Amino acid sequence: KFQSLKANKLVAETEFSNEISGFGLDGIKTLGDFWKKVSIDERFHIEVKNYCDKVGVEFFSTPFDLQSVNLLESLNVTKYKIASGDITHYPLLKKIAETNKEVILSTGGSYMDEIEASYNYLRGCGVKNISLLHCVSLYPTKAKYVNLNSIQLLKNNKTATQESSSR
């Protein structure tokens, strides 16, 4: 699973010169350095997708902008993962829903009402196959913060959401 993003779609270019700690990456002094380092271009996507096809590994990605959905569609991905930070990015959810493909919805850092609203929105747009992914947005995550009970909570709310939307 990859992340498809364009730095200038996530962060205003005026912010690129802001100094940061580097997140443990060599040569990273500014926000612009970081985004340039972690962004992958169209050619890389194509090469990795072709290699995945060759060795029998499914390629899919988390798009962070509408143009990245277009790129992934051109590569014929079979599913999309939505980052927890984009769970309420409804234009992105709509564009992904229009592909009629499976969606994995990350929930880290999200409130239950946001998760339910996004889930219901995707269902309302016709997405049939939605998986909720319990995430902890701490890297690395210490065991005491994993809270696996959240999985049951997500399952129970998903079931309740499905029952109420079928009435």
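Guide: Happy to! A residue counts as buried when its relative accessible area is under 20%. Keep in mind that this is a predicted model. With that cut-off in hand, let's turn to helix α5, which spans residues 90-97. Its buried residues are Leu92, Leu93, Ile96 and Ala97. Around the axis of α5 they cover an arc of only 135 degrees, which puts them on the same side of the helix. The background is simple geometry: an α-helix has 3.6 residues a turn, so residues three or four places apart point the same way.

What do the buried residues of α5 pack against? Two of the partners are helices, α4 (66-74) and α6 (112-124). The others are the strands β2 (61-63), β3 (79-82) and β4 (102-106).

One of those partners leads to another detail. Lys79 has its charged end over the ring of Phe60, 5.2 Å from the ring centre.

The whole structure holds four aromatic pairs. Among them is the edge-to-face pair of Phe2 and Phe44, with 6.3 Å centre to centre and 75 degrees between the planes. Phe2 belongs to strand β1 (residues 2-4) and Phe44 to helix α3 (residues 42-55), so this pair ties together parts that are 42 residues apart in sequence. Phe2 is partly exposed, at 26% relative accessible area, and Phe44 is partly exposed too, at 35%. Together with Phe59, Phe2 and Phe44 make up one aromatic cluster.

Notes
Residues numbered from 1 in each chain as written. Predicted model: local features only at pLDDT ≥ 70, side-chain atom pairs only at ≥ 80, totals over all residues. Heavy atoms only, no water. Buried < 20%, exposed > 50% of the residue type's maximum accessible area, 1.4 Å probe, protein only. Helix = DSSP H or I, 4+ residues; strand = E, 2+ residues; numbered from the N terminus. Arc of directions from axis to C-beta. Contact = heavy atoms within 4.5 Å. Phe/Tyr/Trp six-rings, centres within 6.5 Å; stacked < 30°, edge-to-face > 60°. Lys NZ or Arg CZ within 6 Å of the ring centre and 35° of its normal.
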